[in-house]
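Here is a short briefing to read with the structure open beside you. Take the topics in any order you like.

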Amino acid sequence: MTDKPDNTAPRTVPIQSATFSNPVNAEIRRAAATGIYDIRGGGSKRKVPHFDDLLFLGASISRYPLEGYREKCETKVTLGTRFASKPIELDIPITIAGMSFGSLSGAAKEALGRGATMAGTSTTTGDGGMTEEERGHSNKLIYQYLPSRYGMNPDDLRRCDAIEIVVGQGAKPGGGGMLLGQKISDRVAEMRNLPKGIDQRSACRHPDWTGPDDLEIKILELREITNWEKPIYIKIGGARPYFDTMLAIKAGADVIVLDGMQGGTAATQDVFIEHVGQPILACIRQSVEALQELDMHREVQLVVSGGIRGGADVAKALALGADAVAIGTGALVALGDNDPRWEDEYQKLGTTAGAYDDWHEGNDPAGITTQTPELIKRFDPVAGGRRLSNYLKVMTLEAQTIARACGKNHIHNLEPEDLVALTMEAAAMARIPLSGTDWWPGKPGTSF
Amino acid sequence: MQSFDLETEGLRKLNSSLHAQNNDTNQTAWEIINPKGSHAIAVGLDAPIEVTVLGSTGYYCGGMNKQATVHVKGSAGPGVAENMMSGKVVIDGDASQYAGATAHGGLLVIKGNASSRCGISMKGVDIVVHGNIGHMSAFMAQSGNLVVLGDAGDALGDSLYEANLFVRGTVKSLGADCIKKDMRPEHLEILTRLLAEAEADAKPEEFTRYGSARELYNFDIDNASAY
């Protein structure tokens, strides 16, 4: 007679590896099976220190608030005051970031223009040239000047309202654009002078200049071509914001656009999105420091992007020293991207609403990140534009609410002194006191 | 003939004067003296005028040109005729880096040598170089024709798309996905036309054509070493 196994005896429970987690192992298996790195759209999905880690203090005995709804809190912003003869005047400090026709449908670009115009702000072209849809529906249109120069021409340069020289992007500082064959339709191919259906990889750096001295001459050329009318923006990714801001100012920028790693892209390698570049929270104060050291803060305007979702994020970015923000992912969500109403179709694509990021494949159920006519028909640019306008106005109202609570009659009067940080990381990155203290890691005069 | 002294009158006045010309202008001939290597000379022109620069230029001479003919009686700095749309730019001397970069149309003639990255990302322009060209020329060239009477440097036509490259001399090395191709009658016609327009003393039969193997047009892991 043998003893029966004792199922009640204590035993070691199965433990999943934190290093080789199920998602990690799944990615290893996917790479082994397909032989290609994961390409996706969007920005960093990992949790990083962000605006959520900051709080406003609000009013107190020493700071009195403004009356909500009755006392004015101004939101207008002017961009491009340094050299351009025709600066851009916006009603709100929230702009629409560059997104290409090609990555987005023509109808989606139209909706971005409609929504931005209704809300009194600007929208921006992308890697692929300017379409009639967006020029026609955008009161203020920023024309991106990218390494690929797809569709670049002097006529569009002259009919834009500002020129944005793209040096880097938060999702992929040091990387070029990518548009895979599924989305290279006849129209996209024609605009980009490319064969239909190829996997298009844009250059990562400009073809006719390298370094800040060349950039200064390039800016001179663009100003000469456009009669010194257009504000020149320089967009940088969150790589070395202090030095890049210094060099952009030296090169002659009117406006600096600073994009953190949470900023989206139409398509690039996941490894690039998640492992190159810094969170926007870590970048803003470095950029502002450079502006202040050169006595250019507010003279050269700073536009911040990468993970801006609501009015609190807007207010916090402005309090840290930005003049305006830009939104991309948030704008797409407002248009209808990743909407749960398409859940059945997301499931068929092997994903779920909120997680869909295979924008490069062109199968977007919402009809936004696609060039497939049947899917594009699902998207109504008029209704989409209205939703975007509503979203922009709500964000503005939220930012005004916070600004009034802090006693500011212009949202640009928000300042770092209005903020505290909830975590050591956020305190260090934003150079804001840890809540309950007057200290942050690295504060001058302290020993840490 | 309108004569313009760049040294005394300045770049802004020069370009705004040239921009003021339209298709009906009777001021069709312009001469620029004392360029002294200045940047952005005669950029963004859009009229059927002829601009002669008496001397050498800096960066981006003739940039984004439409319709106009710009003739530099000297050498040109980086990015000459960048993003040209139409018209003609002629350089009597040598051209520095990125000559004809991203240009969509028109004809760029360089009677001397061109440095590296000549025709980078070209999008329809025709470029004729009487001398040699440097390394990485026609990198990511999308369309148009690059004709070289002399030799080409390293990595010619790396990652190019549908541009035609014609070289009479030697090619130090070909870039990724660039291969030697057959010269068909239509290519000889192109060469005959471009050599005549560029006043180049050469016969079409003396050239070798290079173009894209089209093996990198869509990603394949077995081509990873080429990326």
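Predicted model: local features only at pLDDT ≥ 70, side-chain atom pairs only at ≥ 80, totals over all residues.

**The largest nonpolar core**
- The largest nonpolar core has 192 residues, and the members that touch the most others are Val325(A) and Leu108(B).
- Helix H9 of chain A, residues 280–293, supplies the largest share of this core, with eight residues.
- In chain B, domain 1 (1–94) and domain 2 (97–105 + 114–216) each give at least three residues to this core.
- Leaving out residues up to four places away in sequence, Val325(A) touches Pro93(A), Ile94(A), Val303(A), Val304(A), Ser305(A), Ile308(A), Val314(A) and Ala317(A).

- Strand E5 (residues 94–96) of chain A runs parallel to E15(A), and three bridges join them. Here Thr95(A) stands opposite Ala326(A).
- Strand E14 (residues 301–305) of chain A is also joined to E15(A) by three bridges, and these two strands run parallel. Ser305(A) has Ala326(A) as its bridge partner in E15(A).
- Together, E14(A), helix H10 (residues 311–319) of chain A and E15(A) form a right-handed β-α-β unit.

**A closer look at Ala248(A)**
- You will find Ala248(A) in helix H7 of chain A, which covers residues 241–251.
- Why does Ala248(A) count as buried? Ala248(A) counts as buried because 31 C-beta neighbours lie inside 10 Å, and the cut-off for a buried residue is 20 or more.
- Not counting residues up to four places away in sequence, Ala248(A) touches Ile234(A), Ile236(A), Ala253(A) and Ile256(A).
- Asp213(A) is 35 residues from Ala248(A) along the chain, and their C-alpha atoms are separated by 10.0 Å.

**Where chain B meets chain A**
- The contact between the chains involves 36 residues of chain B and 21 residues of chain A.
- On the chain B side, the elements giving two or more residues are helix H2 (11–19) and strand E7 (123–129) of chain B. The largest share, four residues, comes from H2(B).
- By type, the chain B residues that touch chain A divide into 16 nonpolar, 15 polar and five charged.

Conventions:
Residues numbered from 1 in each chain as written. Chains lettered and ligands numbered in written order. Core = buried A, V, L, I, M, F, W, Y, C linked by C-beta atoms within 7 Å. Buried ≥ 20, exposed ≤ 12 C-beta atoms within 10 Å, placed from the backbone. Domains from an automatic or database assignment. Contact = placed C-beta atoms within 7 Å. Pairing = 2+ DSSP bridges. Right-handed = clockwise from strand over helix to strand, strands pointing away. Nonpolar A, V, L, I, M, F, W, Y, C, P; charged D, E, K, R; others polar.
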